[in-house]
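Student: I have a model to read and some labels to check. Can we go through them one by one?

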Amino acid sequence: MNKFKKRVAKSFSTQFNAVVYGQGFGHLEEILNSFPSVFLINDTVPFKRKNLIFREKNSDLNSILDVGVLFIDLDKIKDIDFLMPIIIKHKPDIAIEGNECIERNYSKSLWEFNYRPRSKQGFFHVWKKIK
């Protein structure tokens, strides 16, 4: 088990599905091995796998079920409002690429829905919903 997969297993419950917005920080293969189903929201599909479900950016996100973790690439954080239907409906933990917390102007909608940065994992930092 490599370092990235250990940190994912330590940080998140892997019994629910994951949503990847972007390329999964370059660790899409490890994410696919950690979760039962992975929904990939991107322009292209890098490869085919049994548990990889491709969604185009303009598709309906309300049909995605049982989301436990949302992975967001650093170059996609400007579109974080696009993911709000998933965040509001499922209240997943959010992993954003990079160890440093994203700027306030990108994370404003997360703060409005009571999400706070909770931990730095080296490859990503984790946002969790507080009560």
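Predicted model: local features only at pLDDT ≥ 70, side-chain atom pairs only at ≥ 80, totals over all residues.

Tutor: Residues are numbered from 1 along each chain as its sequence is written, and side-chain values use heavy atoms, with hydrogens and water left out.

Student: Why is the aromatic pair of Phe12 and Phe124 called stacked?

Tutor: Rings of Phe, Tyr and Trp (its six-membered ring) pair if their centres lie within 6.5 Å; planes under 30 degrees apart count as stacked, over 60 as edge-to-face and the rest as tilted. Phe12 and Phe124 have 5.9 Å centre to centre and 25° between the planes.

Student: What parts does the pair of Phe12 and Phe124 tie together?

Tutor: Phe12 is in the loop between α1 (3-11) and β1 (17-21), and Phe124 is in strand β7 (residues 124-129), so the tied parts are 112 residues apart in sequence. Helices (H or I, at least four residues) and strands (E, at least two) are DSSP runs, numbered from the N terminus.

Student: What makes the pair of Trp111 and Trp127 edge-to-face?

Tutor: The ring centres of Trp111 and Trp127 are 5.8 Å apart and their planes stand at 90°, so the pair is edge-to-face.

Student: How do you know whether Trp127 is buried or exposed?

Tutor: Buried means under 20% relative accessible area, exposed over 50%, partly exposed in between (1.4 Å probe, protein chains only). Trp127 has 0%, so it is buried. Trp111 has 26%, so it counts as partly exposed.

Student: Where does the charged end of Arg104 sit?

Tutor: It sits over the ring of Trp111, 4.7 Å from the centre. The rule asks for NZ of Lys or CZ of Arg within 6 Å of the ring centre and within 35 degrees of the ring normal. Lys76 lies over the face of Tyr21, at 5.7 Å from the ring centre.

Student: Why is strand β4 (residues 67-72) called largely enclosed?

Tutor: Six of its six residues are buried, so the rest of the structure largely encloses β4.

Student: How many bridges join β4 to strand β5 (residues 93-97)?

Tutor: Four, and the strands run parallel. Two strands pair if DSSP finds at least two bridges between them, so β4 and β5 count as paired.
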